[in-house]
Amino acid sequence: MAYKTLEVTKDGGVCTIKLNRPKALNALCNELTMELAEALAKLETDDAIGCVILTGSDKAFAAGADIKELQDKTFLGQYDHDVFGLYWEAVARFRKPIIAAVAGYALGGGCEIAMMCDFIIAGDNAKFGQPEINLGVMPGAGGTQRLTRAVGKSKAMDMCLTGRMMGAEEAERSGLVSRVVPVDELMETAMSAAKKIAHQSLPIAMMTKETINTSFETTLAQGIHFERRLFQAMFATNDQKEGMSAFTEKRTPHFTNK
């Protein structure tokens, strides 16, 4: 399917979704987030895809929400039609592994969308921020919650209350991104990671993702109990038998996602 605000390509079990509103620095308008939610829904049931990369341009991953669409909204307008919950959170709800490959600006909603992904690989020119306070509001798509969990209270307060941007190196030191690479190597690095994930057992990867995410919602004891039960359940899969057999036989495993 052709999209107006996205470029979607598939390669060897990996789907790359590129945000494509270059004149607006990939500002997250309703059309874009609707198309993104639709694309992810299709990929959810595409058995050929084991991992997704979400990216933008070298200049901007996404510079925030489209303020022109927000400025005249009322409380009831926002409450009755919660586009953040309807469309944006589709990234967080996506069950397969999804990597954010971020170059340039990831501000406001752009930072929030990146944080909804499973991990972020950043180009060395990346800049992250939650500058909504400069517009008379605060982050509204999870920024105060996910950023705090990623970098801690003090740094999240600093960024959300001053609106300052965080460079790629600081973002890596703070735990917001998993690694930083030269911007001209960003997509190659992200694709390498995504293909490695896509060649693993998809149900095992999905259960691993679910278990890590559960750690943010439960106590340690509950999280360990959940982990143990899913670990035990994995022994009902063919892929567990194949993976361990391949290891003992010193060969590459051939997973069938069963």
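Predicted model: local features only at pLDDT ≥ 70, side-chain atom pairs only at ≥ 80, totals over all residues.
Start with strand β2, residues 14-19. Five of its six residues are buried, so by the cut-off used here each of those five has under 20% relative accessible area. On one side, β2 pairs with β1, residues 6-11, in the antiparallel sense, with six bridges. Asp11 sits opposite Val14 of β2. The two strands make a hairpin with two residues between them, and Gly12, in the turn, has a positive phi of about 55°.

β2 has another partner, β3, residues 51-55. That pairing is parallel and runs over five bridges, with Cys15 bridged to Val52 in β3. Helix α1, residues 30-44, belongs with these two strands: β2, α1 and β3 form a β-α-β unit, and the unit is right-handed.

Now the pockets. The largest has a volume of about 1100 Å³. Its lining comprises 37 residues, and Asp118, Lys209, Ile212, Asn213 and Phe216 are the ones nearest the centre. Which helix gives the largest share of that lining? It is α11, with six residues. Other elements that supply at least two residues each include α6, β7, α7 and α13. By class, the lining has 21 nonpolar, 10 polar and six charged residues.

The second largest pocket has a volume of about 640 Å³. It is lined by 27 residues, with Leu70, Phe84, Glu132, Val137 and Met138 closest to its centre. Helices α2, α3, α4 and α6 each give two or more residues to this lining. Its residues divide into 15 nonpolar, eight polar and four charged.

Methods
Residues numbered from 1 in each chain as written. Heavy atoms only, no water. Buried < 20%, exposed > 50% of the residue type's maximum accessible area, 1.4 Å probe, protein only. Helix = DSSP H or I, 4+ residues; strand = E, 2+ residues; numbered from the N terminus. Pairing = 2+ DSSP bridges. Right-handed = clockwise from strand over helix to strand, strands pointing away. 1 Å grid on protein atoms, 1.4 Å probe; cavity = no way out; pocket = protein on both sides within 12 Å on 5 of 7 lines; lining within 4 Å. Points joined across faces, edges and corners; volume = space filled by probe spheres on them. Nonpolar A, V, L, I, M, F, W, Y, C, P; charged D, E, K, R; others polar.
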